[in-house]
Amino acid sequence: MPHPMIDQQDAWQALAAHARKMRTTHLGELFSNAPGRHAAFTRRAAGLTLDLSKQRWRDETLERLLALAREAEVPEAIRALLAGERVNRSEDRPALHTALRLPPEESLVVEGEDLVPAVHATLARMATMVERFHAGQWRGATGRAIRDVVNLGVGGSDLGPLMVTHALADYRPEGVHTIGVHFASTMDGSQLADYLSRLNPETTLFVLSSKSFTTIDTLSNARTARDWLMARLMGENREEGVDAELVMRQHFIGLSASPEKMHEWGIADEHQLAFWEWVGGRYSLWGAIGLPIALVVGMDHFRALLAGAHAMDRHFSEAPLSDNLPVLLALAGIWNVNFLDIRAHSILPYDGRLEYFAAYLEQLEMESNGKSVTHDGREVGYSTCPVLWGQLGPNAQHAFYQLLHQGTQSVECDFIAPKVRYDDVADPATRDHLMGQHRLTLANCFAQSRVLMLGDKAIKEDGPRPVYKHYRGNQPSSTLLLDRLTPATLGSLIALYEHKVFVQATIWDINPFDQWGVELGKQIAGETQRILEHQADIADMDDSTRGLIEAVWSAERGS
Ligand code: F6P
């Protein structure tokens, strides 16, 4: 007899009844009737302050949501995740990204093996590689020091390193040979072609990042990069002693869970960093896949990123549910999606360094929780992951905030900003201006969440307003303040969202660690490619796809 689905259980039913009463309550009313609401709904951990007071809930709501978390056995699930149990049930393996950030003195024995020594052995190999680059000792085939590294990867093998290197660009170590780190992910080759037109092959190295080492997007870019290097370094002007083997050895590094496939592709064994099947692609920036991050910020800052994430892991494991940041953020989302019917969620960082954070979370949240089947294979009868998108808040104010303020969709927003910035700028004249610009940015951040909450009531003067100037407000939001943006607080911010996703998946009874939904598309793309290349029959295609393919063929023929 399968257990009743979560929406049939007592805590969910009680919340549904409570939600019927709450639906007509405006956020503005919740504030006017409750002084001290900010303090009551704000929690701190690991350099982060989370203000959940602008959620459309009250104390009773939160108590009922915590009861739901207990009924869904969230505490037991957290313990199982961190202990390395096989929580990824469809692929029958643990999801141990948290092991990648355990300090060396700890141990984590999973199925008879302590994982920590192997994790730190990989970090030590990374450190050796990074040192060679930073000392100007990693030389290309013609003997010149490597100056540019291009990461070829997609999804989790691109977005995490891209997001973090951008966010922590201020943390480049001083006095080292500078390496320009670039990212090319798109299978159409456009990003790569741009780099190839600008970079010097003698001083450029490619990092092939792919957990599976089978992703066509990455492998097709890798082939183009290899051909470019061979043509330029082995062409007519080739120097004495430069051969294909040397080019392969000095210009490629592989990061993957498949040493065999890296070897087959021709990556030198000593230039491979292998990781484990139990690290999910979108959870992988903490180890080998983080090499581009370490190349930009150095190993000390990379280790600080890991330490910040570990601080959040400890908080997640030890704090009671009612003070637990990932649990509370998850419950706010569950309340909005499942009980207030708010199925759009916007991520709005107010700091240009977090430019790629929303794109990163789009994969983390939607690839993890875009599921509709429970662990035991039943269709869910409730909503799971909302549509999540975002953009730097100040830019979004001039783009889609119109919809947030006056459109017809209810949207939950996460506002994210550091409390302090620029106070360490050396030049006092610029420092004062820049600190002012940061305060301007914070003022906008706080103003937007206030207007989204209160609507017209945010305006002091009362008087008749034309209907097109009406703001209804009542849009819920969370505000996350980082003490400042550092490697450590960025680590805890990312870990916060990873764990939020896990808690929501636990309540929805879905597996956040697989992604079967993307597999069929890859398979059909392969078949379609064979037809486009005239290697298979078009007759079986549907009419629309056939028409599109024929349009391409006829354009290629010039007719
Ligand atoms: O698109 C599916 C996916 O498997 C993601 O989960 C993953 O991050 C990405 O492709 C890249 O995969 P890989 O690292 O194996 O190349």
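Reply: A salt bridge is a side-chain nitrogen of Lys or Arg within 4 Å of a carboxyl oxygen of Asp or Glu. The model shown here is predicted. By this rule, lysine 371 forms a salt bridge with aspartate 514, their closest N and O atoms lying 2.9 Å apart. The two partners come from distant parts of the chain, 143 residues apart. Lysine 371 is in the loop between helix H14 (357-369) and strand E11 (387-390), and aspartate 514 is in the loop between helix H18 (487-508) and helix H19 (519-532).

Me: Is lysine 371 buried or exposed, and what is the relative accessible area of aspartate 514?

Reply: Lysine 371 has a relative accessible area of 15% and is therefore buried, the cut-off for that class being under 20%. Aspartate 514, at 7%, is buried as well.

Me: Which residue meets aspartate 323 in a salt bridge?

Reply: Its partner is arginine 43, with an N to O distance of 2.9 Å. This pair also links distant parts of the chain, 280 residues apart: arginine 43 belongs to strand E1 (residues 42-45), and aspartate 323 to the loop between helix H12 (291-318) and helix H13 (325-339). Arginine 43 counts as buried at 18% relative accessibility, whereas aspartate 323 is partly exposed at 33%.

Me: How many salt bridges are there by this rule?

Reply: The count comes to 28. Among them is the pair of glutamate 85 and arginine 79, at 3.2 Å from N to O. Glutamate 85 is partly exposed at 37%, and arginine 79 is partly exposed at 48%.

Terms used. Residues are numbered from 1 along each chain as its sequence is written. This is a predicted model: local features need pLDDT of at least 70, side-chain atom pairs count only at pLDDT 80 or more; totals for chains, interfaces and linings use all residues. Side-chain values use heavy atoms; hydrogens and water are left out. Helices (H or I, at least four residues) and strands (E, at least two) are DSSP runs, numbered from the N terminus. Buried means under 20% relative accessible area, exposed over 50%, partly exposed in between (1.4 Å probe, protein chains only).
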